[in-house]
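Notebook open, structure on screen.

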Amino acid sequence: IMSGKQYWKNKIPYVTGNFLAMAVLAVFLLLGGNTRDSVLFILGSWLVILAVSMGAAYMCRRKQMDTLLESVNQLEEKYLIAEVTGLPERADDRVFYQVMKAAEKSMLERIGNMQREQKEYREYIEQWVHEVKTPITAMKLLCENHPSEFSRAILTELEKVDRFTEQTLYYARSEHTQKDYAIREIQLSDVVHGAIADNKYLLRQNDVSIEMEMVTDTVYTDDKWVRFILNQLIGNSIKYRTEKPRLTFYTEQQSNQVLLFIKDNGIGIAEADLPRVFEKGFTGQNGRNIQNSTGIGLYLCKRLCDKLGIGLSLHSGNNGTTAILSFHINHFLVQG
């Protein structure tokens, strides 16, 4: 909002100039033989005209500035304000308008360059991930064709590498999920079994027991993205495991939602850390004790869930952590 105090402060030189002109005029009229009453009438008329004109100018200027501020507040890209204001009538305002146009042009060029750089970098990351997956798959086949204790240990580490590369790929794509997902009817049991298969050597090496309880529901979502989310949650459960780790999967229907529960019996999450577990880079009390914690996994899971319209929540206590994925039931699709 335009400050009236500052506005009138800026007008002090203009008002002072008028008062000096009035004083000079009064002296000139008196010396010219005019009566004092006529001089006072002229000066009073001048003051009235000056006050009215300045008051009207203030109200008009304030209305213009309020309209400008309202236009700015309604814009998401505020650097485009020059496009909605139009060319002003006042000469001094036109100078500021030209400055805004120059700033807008510079900003648009910079944004365009940054978008191109981000696109090129994202495409490079995606290409790199696809390229590196080829030797990972080859190493897996070699190890599976030559089974031994050593090859099983290598396969476990390869699963970790594969999960990290997938994490990199999905992080790069997380801003553009609409270009890479396909919504269709899927069985949650198939997605869960696929995620377990992705981590079978890691689960076996850590003696993780798996329990499936009534995972029979059907939902409409993208199975590839949900499988990636489950991989991240399974990896976290293994990372923060206890001596006899256990993972339990089950589903429930509540109102218009299907809830998929992933429950472990690990060390859990500190109560003070729970509100921040989805923040980027936040590792929490337990994460600081494990050197390979990055604070990216849960952040990325939450980000992808938000993009896909899937709810994600974590509940933790002394008996481990439970992650809940909430899928909305689309009755129109189900009936059709």
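I started with the contacts of T251 in this predicted model. Setting aside neighbours within four places in sequence, I found T251 in contact with L188, E213, M214, V215, T216, D217, L259 and L260. T251 itself sits in strand 4, residues 246-254.

Next I asked: is T251 buried or exposed? Its relative accessible area is 9%, and the cut-off for buried is under 20%, so T251 counts as buried.

I then checked what the side chain of T251 does with two of those contacts. It reaches the backbone oxygen of M214 at 2.7 Å. The side chains of T251 and D217 are joined by a polar contact of 2.6 Å.

On to the helices. I looked up helix 5 (residues 91-145) against helix 6 (residues 149-173): they pack at about 165°, and their axes are 10 Å apart. Angles over 145 degrees count as roughly antiparallel, so that is how I noted helix 5 relative to helix 6. Their crossing is left-handed. Sorting the contact of helix 5 with helix 6 by class, I got 13 nonpolar, four polar and eight charged residues.

Which residues meet here? From helix 6 I listed Q167, Y170 and Y171, and from helix 11 G297, Y299, L300 and L304. By class, that contact has five nonpolar, two polar and no charged residues.

Methods. Residues are numbered from 1 along each chain as its sequence is written. This is a predicted model: local features need pLDDT of at least 70, side-chain atom pairs count only at pLDDT 80 or more; totals for chains, interfaces and linings use all residues. Side-chain values use heavy atoms; hydrogens and water are left out. Helices (H or I, at least four residues) and strands (E, at least two) are DSSP runs, numbered from the N terminus. Buried means under 20% relative accessible area, exposed over 50%, partly exposed in between (1.4 Å probe, protein chains only). A polar contact is a pair of N or O atoms within 3.5 Å; within protein, one must be able to donate a hydrogen and the other to accept it, and residues adjacent in sequence count only if both atoms are side-chain atoms. Contact means heavy atoms within 4.5 Å. Axes are lines fitted to C-alpha atoms, for helices over the stretch in contact, and angles run from 0 to 180 degrees between N-to-C directions. Angles under 35 degrees count as roughly parallel, over 145 as roughly antiparallel, 65 to 115 as roughly perpendicular and the rest as oblique. A crossing is left-handed if the near helix is turned anticlockwise from the far one by less than a right angle, and right-handed if clockwise. Ala, Val, Leu, Ile, Met, Phe, Trp, Tyr, Cys and Pro count as nonpolar, Asp, Glu, Lys and Arg as charged, and the others, Gly among them, as polar.
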